Amino acid sequence: SYPDPIANFPSRVATRLNIAYEFIVNRECVPNKIRSENRGLSSAILLSLSPRQVKSVVSKLLTQTAKLARNHQDSRNDPSKSFGKHTPSNTRVLAKDYLAGGTLLVVRSKEDIPDWEVALREFTSLSVLNHSAMQSTSRKQASTASKCAGFDVVLTTYDAIKSKEATIPVDSYGCAILRQTATENPSSHDDGWMTVRTSGTESAATQPQKCLLLSILHRMSWFRVILIDELGRKGFVTKPGTARAQAAVALHSKSRFIFFEKDETIAKTSHEDKFKDDRRQLRAVATALQLPETTKLDKLMTDFVLDVSKACKSTEGSDRTALSSSSDDYFSESSADDQLTDPL
């Protein structure tokens with residue numbers, strides 16, 4: 001067994017980091033039925049964490065939910081049968097149109113990846129693939145999805161996911177549409193590949209499907225997407241309409257989380273304090289979480305954002321946890337049917 005990475009911090013800091021971890025789990029354990037009726041519900045934004053603290057919280061999350069992530073992968077893929085151990089070998093699609101991946105972790109640059117590899121080796125036993133290190137000619141091959149589907153964690157960058165490798169249809173939220181979804185829902189104008197116009201008038205049902213040039217990773221259903229970013233001018237997901245932001249939004253997953261690392265070279269919490277009053281940034285991150293456009297910004301701050309520097313024990317008993325079942329049920333295999341479902 002691996003040590004709890006949060007236990008290395010002073011008690012007061014460790015308490016706040018555990019609150020952040022529990023906040024994520026409570027967002028992620030929303031039953032699929034509720035999630036399907038409330039898009040973006042299994043998502044969250046965390047503020048005021050140092051890079052080391054982010055790695056510790058993420059490492060604990062990945063370790064504690066490894067079995068659930070593998071169940072998601074195995075429900076769509078044909079994993080190796082080597083004594084039940086999850087390995088990247090012999091992963092094939094099971095007569096379906098897309099593969100399922102574990103956790104996709106998107107960092108800002110290639111320089112950040114070695115530190116993540118060290119942290120994941122130290123605190124987890126998970127298999128990790130550095131997607132951004134692959135040659136561009138290899139990344140655009142269809143076999144890349146099969147390779148990524150065999151790993152617990154895939155590390156990549158914003159520049160890698162915005163690569164123009166495949167034509168991907170997207171829905172009205174900007175999220176990639178998987179082929180199986182398109183086949184199963186031909187009546188929806190947000191599903192399917194390109195819709196042919198059958199008359200001179202363009203109704204919602206006859207307009208051509210919107211498509212984007214994106215990476216092969218957008219042809220996969222991920223159990224979880226984690227975006228690492230910064231607030232302020234250096235941010236990526238806070239700049240709507242850019243290639244990096246569009247690529248991040250388009251990733252298909254059951255849950256997604258954005259960690260905004262604090263810049264320790266500037267005044268304490270200056271960006272975090274401005275964040276809640278910046279409507280442009282709030283609307284951009286709401287889009288990144290794939291929340292409906294009707295989502296009120298005050299609700300976004302109340303239900304989806306946690307400033308870890310201000311977290312206290314009372315957070316655990318707040319209304320945030322009312323929207324989901326208990327985390328004990330989430331980790332229980334007794335509700336396997338609720339975990340092994342196709343992407344929404």
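Lys310 comes out as exposed, at 53% relative accessibility (exposed means over 50% relative accessible area, buried under 20% and partly exposed in between, with a 1.4 Å probe and protein chains only). Its partner is Asp307, and the two side chains meet in a salt bridge at 4.0 Å, N to O. A salt bridge here is a side-chain nitrogen of Lys or Arg within 4 Å of a carboxyl oxygen of Asp or Glu. Asp307, at 14% relative accessibility, counts as buried.

A word on the ground rules. This is a predicted model, where local features need pLDDT of at least 70 and side-chain atom pairs count only at pLDDT 80 or more, while totals for chains, interfaces and linings use all residues. Residues are numbered from 1 along each chain as its sequence is written, and side-chain values use heavy atoms, leaving out hydrogens and water.

The salt-bridge count comes to nine. One of them joins Arg224 and Glu28, at 2.7 Å from N to O. That pair ties together distant parts of the chain, 196 residues apart: Arg224 sits in strand β9 (residues 220-230) and Glu28 in helix α1 (residues 11-28). Helices (H or I, at least four residues) and strands (E, at least two) are DSSP runs, numbered from the N terminus. Arg224 and Glu28 are both buried.

Arg70 and Asp152 also meet in a salt bridge, at 2.9 Å, N to O. Here again distant parts of the chain are linked, with Arg70 in helix α4 (residues 66-76) and Asp152 in the loop between α7 (143-149) and β6 (153-157), 82 residues apart. Arg70 is partly exposed, at 25% relative accessible area, whereas Asp152 is buried at 7%. Finally, a network of salt bridges links Arg108, Asp229 and Glu230.
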